[in-house]
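Here are my notes on the structure below. Please read them with the model open.

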Amino acid sequence: MVAPSARPSVGIEGQPGSARPSVGIDLGGTRIKAGLVVDGQLAAERVVGVAARDPDAIVAQLASVIAELTSDPAIPVGLAAAGVIDARTSTVRESPNFPSWKDFSLGARLARASGHRVYLENDANAVILGEAIYGVARGASSVVGYTLGTGVGGGILLGGRLWRGERGMAGELGHVTVVPDGRPCNCGNRGCLERYAGQVGIAETLLALGPPLSRLTDPEPSDAARRLSELAAHGDPDAIAIFAEVGRFLGQAAAAVVLTLDVTTLVLAGGVAGAFDLIAPAMQAELERRTFRSMSDGVRILHGTLGAHAGIFGAAASTLAALPD
Ligand SMILES: [Zn+2]
């Protein structure tokens, strides 16, 4: 049993330490995006392909990326990765991008290899933390956010602290059921939010509709949502309707969150959130339909502003959350 580390409060504008430099690394399945964040600004950036899949090679590659960004071992490193992450022990329990990794002590290994303190965080948690410290939700102490990427992730910040749950797995907001007995999901459930609101889910919606919209999934299904948003921007009613449906599913899921937690700041981040203007009104309307008026009143749905750098800023933010005031 590992005692949880005492992480001080985060997410408050002007938080002590928020100007301190840190390195943020977004470890994806194919790319490593890393940056030196100083005073809330990206001072330097490196983007490299993942050179090999085995743990030793990745640790060595990450250490060399860190060395390119800073030679100061006092600067902490935040590392964001997909999967089930135990941030308390900086361990990857399971990773969709690196299936052979099981209970891999990535944080400790990278700390030894690089000479820096390393803090490992789930990628969606990191993005929402980043939006709370550096991005659109600056100043809000309680934030619930959805990362609409290939799948749908989530992060929950309560009273200035990331809520990780009793076993470190909280925030799996993409696997909340929105369609009973709907599409099967890798998690074992059916009808999960991510099967409709993530890039893969939207591609499946298009395929089910048939031509012409299904052609947007060719040749790269993960790119279909972006192309659909271009169509919607040109006024295509079917494309607009699909994003409105995504918004209704998000509103349905978020209603349970608002009823449970009474949070008033919701953030949408990730590639699909590029269609924010089409998604958010339907999400807001659904939220109002499914909650007490007194609870939905004042709820803000915000579009994450960190964009392609959200992972880097989020990872950097996770070091601020770990540092003493
Ligand atoms: Zn699921």
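1. What share of the contacts in the chain with a separation of 6 or more comes from residues 24 or more positions apart? These residues account for 65% of such contacts, two residues being in contact if their C-beta atoms, placed from the backbone, lie within 7 Å.

2. The model is predicted: local features need pLDDT of at least 70, side-chain atom pairs count only at pLDDT 80 or more, and totals for chains, interfaces and linings use all residues. Residues are numbered from 1 along each chain as its sequence is written.

3. The chain holds ten helices and 13 strands (DSSP runs numbered from the N terminus: helices H or I of at least four residues, strands E of at least two). Its C-alpha trace spans about 55 × 45 × 40 Å along the principal axes.

4. Of the 325 residues, 47% count as buried, that is, with 20 or more other C-beta atoms within 10 Å of their own C-beta, placed from the backbone.

5. Helix α1 (residues 55–69) and helix α2 (residues 106–114) have axes that come within 9 Å and cross at roughly 50°; axes are lines fitted to C-alpha atoms over the stretch in contact, and angles run from 0 to 180 degrees between N-to-C directions.

6. In α1, Val59, Ala60, Leu62, Ala63 and Ile66 meet Arg109, Leu110, Ala113 and Ser114 of α2. The residues of this contact divide into seven nonpolar, one polar and one charged (Ala, Val, Leu, Ile, Met, Phe, Trp, Tyr, Cys and Pro count as nonpolar, Asp, Glu, Lys and Arg as charged, and the others, Gly among them, as polar).

Note on methods. A residue is buried if 20 or more other C-beta atoms lie within 10 Å of its own, exposed if 12 or fewer, and partly exposed in between; C-beta atoms are placed from the backbone.
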